[in-house]
Amino acid sequence: MTVIVFIAEMAIFSIAAPGFLNFVNWLSMTENFTFLGVMALSQTFVIMAGGIDLSVGSTMSLSGVMMGVLWQHGINIWIAAIFGILIGGGAGWVNGQLVVRTGIQPSIITLATLFIYGSLATVLDGQGSIYGFPQSFVNVGTGDVFGVVPVQLIIFGAVALVFAFVLKRTTYGRLVMFVGYNEEVAHYSGVSTGRVKVWTYVVSGLNSGLAAVLLGSYFASVRGDMGTNMELSVITICLVGGVSIFGGSGTISGVVLGTLILGMLAQGLNELNMASSEQSIVTGVILILAVGLQQFNVYLSGRRKGASKRPGKGVLPPISDGIGSTES
Amino acid sequence: MSTTTLNRFLIRIGDNREISLAAFIVVLLAVLMIAVPSFVVPSNLSEIAQNSVTICILAMGEVLVIVTKGIDLSVGATLGMTTLIVGQLAVSGWPIWALLGVALLVGVVAGSINGLLVSLAKLPPIIVTLGTLSIYTGVMYIITGGNWVTNLPESFQRLTSWSLLNFFPVMVLYMVALLLVVTIFLRYSITGRHLYALGNNAGAARLAGINERKVIVIPYILSGVLAAIAGVLYLSYNGFSTPSTGSAANLQAIAAAVIGGTNVFGGRGSAMGAVLGALLLGIISESLVFFHLLAVWNDAAEGVIILIAVVADSLLSRSMRARGA
């Protein structure tokens with residue numbers, strides 16, 4: 001289904017904007033959104049485990065700024081980058097702990113940390129932006145292999161492969177699905193649901209840090225607001241890629257496709273001269289449509305089989321409440 | 001633990017969020033009066049109160065939604081949208097009654113989109129309102145082409161600039177009027193009580209015959225209408241609006257509602273509490289300025305406050321449940 005959407009989209013844009021469907025062009029365009037894909041991959045795990053992370057954008061800003069500030073103080077850019085990523089992981093860890101220990105909806109927790117981390121990032125980035133990174137670093141974001149395939153795309157592909165492997169072939173990956181599918185049963189089966197969930201947030205934070213590195217090297221600069229409003233795109237990518245907002249299902253290949261679909265959409269709209277504020281309308285509509293389609297599918301299969309598709313949630317399909325709520 | 005009358009009295013106050021909030025505000029003002037005497041003067045307090053009115057009203061709307069275990073992230077954008085639409089029409093000379101009508105219409109439409117998506121399509125409120133937030137924000141840019149709305153007619157600005165008996169600023173009076181309406185609705189109307197029921201135990205409420213689908217739409221529409229009204233008041237009071245108006249208000253409204261005792265798990269909350277929460281937030285952020293805290297820390301401070309409020313609330317309700325209250 002997602003593949004069809006992708007092909008249709010490419011077709012539409014090729015007609016509307018001549019020169020769009022140039023494979024080399026296409027490849028280099030991916031540099032504009034692979035960082036979103038990296039964040040979407042980790043967000044997938046968070047959502048599949050039944051939660052949500054609204055703070056990814058702010059975490060990215062914080063990581064990026066930390067990297068920049070450390071570099072400014074003389075630390076080697078690569079070490080600063082690693083540090084930035086670790087900071088992201090730390091921020092994610094805080095999210096995870098708060099979610100698991102208080103039992104409050106992840107949407108509320110990560111909404112609050114969105115503002116806290118974002119504010120921290122702005123404060124740390126006192127002067128507006130940090131730029132002038134060494135060329136070797138900038139090559140990560142802008143370089144090509146064989147002159148054609150962007151380094152960023154390779155990194156994205158590698159991360160995707162790792163995530164796909166973890167999801168399908170490791171115990172942890174299967175636990176993530178299990179916890180999202182039915183947390184209570186998982187808990188009673190002896191799964192340490194708290195630890196599973198905390199790790200999803202930690203990884204989400206780490207990937208936000210990686211995204212900051214990618215974007216920072218692409219633009220050769222970082223700013224305190226570099227991640228603002230990214231969470232909307234990231235979550236939309238996950239949903240378009242088939243990750244169920246209720247947790248327990250989704251595929252990495254779907255998310256990769258989702259990244260391509262939304263990324264190319266943004267590029268195509270740019271070619272058609274649509275402002276980014278107008279593009280946010282499009283993203284919002286797509287978000288609602290994507291989750292609407294998911295809900296519609298649930299409704300359809302419910303009617304066909306005559307049983308609720310979400311076991312453990314009772315006979316009557318409840319009105320959806322905040323994401324991650326464990327009460328029915 | 002001994003149950004002297006004093007103890008029982010204190011427990012009753014502690015359990016009642018509104019009273020403990022009001023007490024906290026009084027204590028805070030007392031502390032501030034000692035630390036920064038120039039802060040606790042009538043003119044400053046009156047300004048704080050009037051500036052908080054917008055969040056007070058938005059928070060009231062959030063209470064309605066959060067009580068049903070939902071959330072509305074788009075209130076700030078609805079407010080902003082209303083200010084820009086009404087603003088541009090006001091500048092073109094539309095009469096006040098028509099402007100109010102337009103505002104109500106914007107609020108109803110914005111709220112209905114949220115409400116219908118949540119109730120009919122059964123989409124999660126967090127996703128729906130995240131989506132409408134970006135849609136309305138984008139609309140705000142399109143309406144104005146990125147420009148500010150200024151030069152509002154005198155007659156419009158006069159809506160909010162006078163004081164009753166030269167003492168009560170009319171902004172505060174408008175807010176009190178809305179507070180009364182919302183409180184009566186929540187506590188004494190059938191629909192209001194249904195909202196609490198749905199938030200407390202949706203399954204039981206459904207089995208008791210409450211038509212969930214019809215009822216769930218209402219808090220979102222009301223939230224939208226309240227946001228629109230707040231927008232009109234904001235526009236009249238401040239005299240201008242920008243394409244980014246209201247972007248910070250979303251979190252503030254939720255924070256105020258939660259501080260005011262609205263439980264994010266649904267089933268508990270009051271408009272009065274939300275208003276007190278908004279006032280508290282207003283006092284805190286104003287006083288942060290007095291203590292020379294940079295404006296950029298405001299967001300972080302609010303995020304921390306909402307975390308503290310939500311966590312404390314969850315711990316409190318857990319211990320209350322353990323006590324069997």
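Helices here are DSSP runs of H or I with at least four residues, numbered from the N terminus. By that count, Asn151(B) sits in the loop between helix 6 and helix 7 (154-157) of chain B. The model is a predicted one, and the predictor gives the complex an ipTM of 0.81 and a pTM of 0.84. For chain B the mean pLDDT is 86. In that chain, 93% of the residues reach 70 or more.

Stay with Asn151(B) for a moment. Its phi is positive, near 60°, and the residue is not a glycine.

The cut-off for a buried residue is 20 or more other C-beta atoms within 10 Å. Lys122(B) has 20, so it is buried.

Now turn to the contact between the chains. Chain B gives 43 residues and chain A gives 41. On the side of chain B that touches chain A, the elements giving two or more residues are helix 5 (96-119), helix 6 (125-144), helix 10 (202-207), helix 11 (212-238) and helix 14 (297-323). Which of these helices of chain B gives the most? Helix 6 does, with 14 residues. By class, this side of chain B has 27 nonpolar, ten polar and six charged residues.

Next comes the largest nonpolar core. It holds 189 residues, and Leu58(B), Ala59(B) and Met60(B) touch the most other members. Helix 11 of chain B supplies the largest share of this core, 15 residues. What does Leu58(B) touch, beyond its neighbours within four places in sequence? Its contacts are Val75(B), Leu79(B), Leu226(B), Ala227(B), Ala230(B), Ala249(B) and Ala253(B).

A compact globule of 328 residues would have a radius of gyration near 20 Å, and chain A agrees, with 20 Å. Of the 328 residues in chain A, 52% are buried. Among contacts in chain A between residues at least 6 apart in sequence, 79% join residues at least 24 apart.

One such region involves Val100(A), which belongs to helix 5 (residues 77-102) of chain A. Val100(A) and Gly194(A) are 94 residues apart in sequence, yet their C-alpha atoms are 5.7 Å apart in space. Not counting residues up to four places away in sequence, Val100(A) touches Gly194(A), Lys197(A) and Val198(A). Val100(A) is partly exposed, with 18 other C-beta atoms within 10 Å.

Helix 3 (residues 34-48) of chain A is the last stop. This helix has 15 residues and reaches 21 Å from its first C-alpha to its last, close to the 21 Å expected at 1.5 Å a residue. Why is helix 3 of chain A described as largely enclosed by the rest of the structure? Because 15 of its 15 residues are buried. Gly50(A) follows helix 3 of chain A, with a positive phi near 95°.

Key
Residues numbered from 1 in each chain as written. Chains lettered and ligands numbered in written order. Predicted model: local features only at pLDDT ≥ 70, side-chain atom pairs only at ≥ 80, totals over all residues. Expected span 1.5 Å × (residues − 1). Buried ≥ 20, exposed ≤ 12 C-beta atoms within 10 Å, placed from the backbone. Contact = placed C-beta atoms within 7 Å. Nonpolar A, V, L, I, M, F, W, Y, C, P; charged D, E, K, R; others polar. Core = buried A, V, L, I, M, F, W, Y, C linked by C-beta atoms within 7 Å. pLDDT = per-residue confidence, 0-100. Rg over C-alpha atoms; globule rule 2.2 N^0.38 Å.
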